[in-house]
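Thanks for coming. I will go through one structure today, and I will keep it short.

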Amino acid sequence: MDKRTADTLERMRAATVQLDRLLLELARQGLQRLTRASLPELEAAAQVAHHARLTTLQRELLSLRTETERFLDRDPLFRTDAWIDRVGRLSLRVDALRTRLDQGALPDELVDLVGTPRRTYVAVDDALEIHPLGMSGWVTDSDFVGVTTTFYSPTTEQLVMASVTRPTHYFGTDPARLAWQSVSDSITRSMRELAHGAWRVEGARVSHDGRLSLAGEAYVMPVASTGARALDPIRCDDALEVLQRLGDGRIDPLAPRTPPWVYLELAHYGRCTFDDTHGTATVLARDRRGLPLRLRVRLAPHEQLLGRNLERLADPRSRPDGLVARAFADRDHLDLAPITAVYHQPVTQRVGRRTLQSHMVHLGLEPLDKVER
Amino acid sequence: MSATTLLADVRAALRVLWVGGLQRPDPTLPSELADLAIAARAVGLEGLGDALTTLQVSLGPEHDAHERFAAQRALWVRSSLLAEQLRLHLLGASLHEEAEGTVAEAPVLPPGRDTELWPLGVEVRDGQLQLHCLDPAGGWVTLEDRPLALDPDDLANEPITSRLFQGEVCLGDVLDGQIELVRHPGVATAARWVGGPAFHTRPRLRSASTASPALPALPPGARLAVGTGIVTCRRGPDGWVASSGGVPVAVSPLLAFDLDKRTRLDGTDTVRIEGVLVARGDRRVLLSEGEPPAFPTLDPATTRWPLSGWTTPLPADEAAQLGAMAWPVIGGDRSALAAALAPAASSADLATRWAAQWAGRAIGLPPPDRNPGARAWLGRAEAGSADAIELLRALWLHEQHEPVGATLAALLREARDAPLDDDDWVEIALRAWLTMRAAPDTAVPFLAAHGERLGPGRVLPDAEGLLWVHHAWHVVASGKAELPPLALPRLAAARVALSALPSLDGWRWAAACDALRWLLSPAGA
C-alpha cells in the first residue's frame, strides 16, 4: 500500500471518530440546547470529511448545517423530522464506513458509500452495447445547458447516461439545438442519433454512478435494435408494479433516492391541466387495469415543450403506445414524469425539411405536433 | 390504534427525544415508549415493539448516551422503513379504490400473425433483403429486412446485422431451418403476406422439424409469384445470360461466379438449373436450386471441387505445392506434404525454392537453414535490372530470414528508375517493397495511390500481379500502420483466381485472397 492510500485511510478513520463524537454531542444536547457555536463545528466537520475524501459525508454535513441554521433562525421552513432524518443517515453512513474500513476496504472501494471528489471513469474491457431509454434537456443555475440520454446496457445490465454540455454564454439555453451537435471530438454522431438507435461502444469508460464517457478513444458502431426487448428491464404491467419498484428502492436508507425508470403501456390519457401556482402540468392517466396515475411535468422555461407535449398525449394522431418515465410517490398519488413516448409502429417526425422514422419520441426535446402515426 | 397513527406517535416521541436531548430526556418519555411498545405488539409489529422497549430501557439512569443514541437510531431506522412501506401500501390501496375496472380505451395488444414458415430463399434488392417463405397452407410470405451491415460477397456464411431478427444472424442458418412468427405485423396482398422489422416482436429461428408444403410450378406469364422452374444459363460475349420460360432471369455476380465454376472443368457454355424462382414483373430471380436446396445467389461456396480433380494432372512437386496450400481448408497428411516439399525448398534454383517455400508456409514448413543463394543473387550488379518476378522471389527468399538492408534496397531501387507503367502491377509491387526498405516514409503514399485503382468495378491485374501486390501491401503495412487496407472485393479477387486455374499462379492467389474455401470441397464431401 502506498503512502498516499495509507494517509487517506488514516484520515478516514480519524474522521469517523470525530463525526461519531459530533453526532453524539448533538444528540446529548438536543435541539433546544443548540447554539450558534454548533454551526462552525458542523462546518469544521465538513472540512474534515472533505480532506478525508468523504464527499457524500461532507455534503450531508453541510446540509445538516443549513438545517441547523434554519432551526436557530426559527425559520418556518425548518422541519424537525427532516433534521432527525439527516442525523440518522449521517450516523448510519459513518457506521457503515467504519465497518468497511475494518474489513480492509481501500478508498477506491468506498466510492459507492462516501462518493468521490471528482468523478473517475474506468475503462470497460468489452464493447458496451447500449439501447436508448430517453433523452432530456436541462439548464443549470451555473449557466450550463445540456442533453442527457439514458441507455440500458445488456452488457453490464445497468443504466448508463451520456451527456453533452455547453456553457449557455456560448450556446444559448435551448437544449434541443444541442441534441444535434456532435457528441465528442472522436464521435461525430449527434446525441439525437444516439437516442434513436442501438449502439456498440468500443473504448467506453463508465463511472461508478453510471456516467458514460464518450470522449478520448471511444467510438460507436450501430447494432440491430432489439425493439421492445430493450425496455424489458424497466417494463411494468400496471401501476402496482410501479409502486413495487418504488418500494424496492427504499429498503436501504443509505441508497440514493433516485426515482426509478419505468416503462408502462397506459390505456387512457385524460385532459391536461395547468397549475400556475406550482408551475406544473398534469394529466390523469389510467393503466390497463384502470388504476390511476398522474403524468406530471414542471413548467420550467426550458421544459415548455414537455408541457405542450403532455397536452397532445391524448390526441389520437400522436397518442403513444407506451411511456418511459420516472416514478415518484406523492402522498396520495402515483406520479410519472414522462420522458419518452414509445410507438409500436414507427412514426414519422418532421424535422425541418427532413422526415425521420422512429419508434421513440423524446418528449422534452421533440414536439409531438410534428409526429404522424 | 392504526399502524399509521402508531408510527406518527413514534415519530413524535423521537422528536421529543431529540428536542430535549439524550443527556436529560423528557421524564414522560419512558412511559410513553412503553405504551407505544404495547400498541405496536398489539398490531403485530413485534420488531417495532422491541425497538421501543430497548429505547425505553436505555433512558434509565444506569445507561449512558452511547446506548441511548444507538437505541434511538435503531428505532428511527425501523419506524422510517415501516412508514415508507405503509405509505406505499396505502397508496396502492387507494389506487385500487379509484380503479375503474377494465378501461374501454385499453389498447389491444398489437395485431400480428402467428405462424410457422419454411424459407425458400433470399432475394437482394438495393441493400434490402427479401426472405421468401411458405406458410403451412403453402401461401407465399415475404419478410423484408434492411440489414445494418452485410457482406455482399458471401451472404450465406457471413453474419449480417439484421433489423428483422434484431441481432446478428447467418442467412445460411436461417435458410437451413424454420421460422416462427409471433404476433408479427404485416400486410396481406392478393399474392402474398409481407412483414418486416417489428418493434415488439421478432421472428424466431428453429431447426427444421417438418417437411415444407409443396411448391407448385411457377405459372407461365406470372408477374408476381413464387414457384419452381427451369433456368437456362448461357455464356455470351458479355457474360452469362439466363432465362426461364422466355423470361429473363437476373444473374448476380455470385450466380455468375457459380456458373463459371460449374463450367470450368468441362468448358461448356450452357447450364441448366432446376430450382425455385420468384417472378417480378418482366424478370425472374433464382432463389434456390435442387433438393436439398443450394443457394448459388447467396453462397460463393455452392459449387466446389475435390482437390484430386486438380492435383492428378500435375507433376508431383506441383501437386505437393497445391496440396500444401489447400491443407488449411481440406486437411490431409501434413507430414507427407512436408516431406514432398522439403527437397524443392532447399533447391539451388531460386524459382523452385521460392515455389516450395511459399506453399510450405501453409503447413507450417519452416524455411531451411540460411542459403546464401538469394543474398548472392541480390548482390549481383545486374540484380537491380533483372526481371521483376525473379527479383521479387529473391527478395522473398532473403526476407524469410531477415529484411533486406536499406543500402542494398536503395541500390536495387535506383536501378529501376525507368518510367512506371500504371498497369504493371508486378513492377509496382517490387518498387513498393524496395521503397519500404530503402525509404519507408515514401512507401505508404506510393502504394496507397496505386491501391486506389484496385477498388470495386476496376479492371484487376492477373493472379500473379495481385499476388505480389498483396504481399507488398503486407510488407509495407507491417511496418507502417497508416497504410489503408487493400479494398479489393473478395468475389472479384476469387474470379481472377478462377480465371487463372489450373496454373499454380491461380491457386497461389486463391490461397492468398482466402478463396480456396470457395473452390475446394473438404475431404470426403
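A nonpolar core, as I use the term, is a set of buried Ala, Val, Leu, Ile, Met, Phe, Trp, Tyr and Cys residues joined through side-chain atoms within 4.5 Å. Please keep in mind that this is a predicted model.

With that term in hand, the largest nonpolar core here has 110 residues. Which of its residues touch the most other members? They are Leu131(B), Leu143(B), Ile179(B), Leu378(B), Trp507(B) and Trp509(B). Another core lies apart from that one, with 63 residues, including Leu9(A), Leu42(A), Leu72(A) and Ala105(A). As background, nonpolar side chains in soluble globular proteins tend to be buried together.

Let me stay with Leu378(B). Leaving aside residues up to four places away in sequence, Leu378(B) touches Ala383(B), Leu391(B), Ala394(B), Leu395(B), His398(B), Val404(B), Leu408(B) and Leu412(B).

Helix H10 of chain B, residues 350-360, packs against helix H12 of chain B, residues 388-398, with the axes 10 Å apart and at an angle of about 55°. The two helices, H10(B) and H12(B), are therefore oblique to each other. Their crossing is left-handed. On the H10(B) side, the contact is made by Leu350(B), Ala351(B), Arg353(B), Trp354(B), Gln357(B) and Trp358(B). H12(B) contributes Arg393(B), Ala394(B), Trp396(B) and Leu397(B).

Next, the sheet. In chain B, seven strands form an open sheet with mixed pairing, in the order E7-E8-E3-E2-E1-E6-E9. Why is one side of E7 and of E9 left without a neighbour in the sheet? Strand E7, residues 186-188, and strand E9, residues 204-206, stand at the edges of the sheet in chain B, and each has a single partner strand, so one side of each has no neighbour there. On average, neighbouring strands of this sheet are turned by 35° against each other, direction ignored.

Last, a single residue, Ala37(B). Ala37(B) sits in helix H2 of chain B, residues 29-42. Is Ala37(B) buried or exposed? Its relative accessibility is 1%, so Ala37(B) counts as buried, the cut-off being under 20%. Beyond residues up to four places away in sequence, Ala37(B) touches Gly49(B), Leu52(B) and Thr53(B). Ala324(B) is 287 residues from Ala37(B) along the chain, and their C-alpha atoms are separated by 89 Å.

Methods
Residues are numbered from 1 along each chain as its sequence is written. Chains are lettered from A and ligands numbered from 1 in the order in which they are written. This is a predicted model: local features need pLDDT of at least 70, side-chain atom pairs count only at pLDDT 80 or more; totals for chains, interfaces and linings use all residues. Side-chain values use heavy atoms; hydrogens and water are left out. Helices (H or I, at least four residues) and strands (E, at least two) are DSSP runs, numbered from the N terminus. Buried means under 20% relative accessible area, exposed over 50%, partly exposed in between (1.4 Å probe, protein chains only). Contact means heavy atoms within 4.5 Å. Two strands pair if DSSP finds at least two bridges between them. Axes are lines fitted to C-alpha atoms, for helices over the stretch in contact, and angles run from 0 to 180 degrees between N-to-C directions. Angles under 35 degrees count as roughly parallel, over 145 as roughly antiparallel, 65 to 115 as roughly perpendicular and the rest as oblique. A crossing is left-handed if the near helix is turned anticlockwise from the far one by less than a right angle, and right-handed if clockwise.
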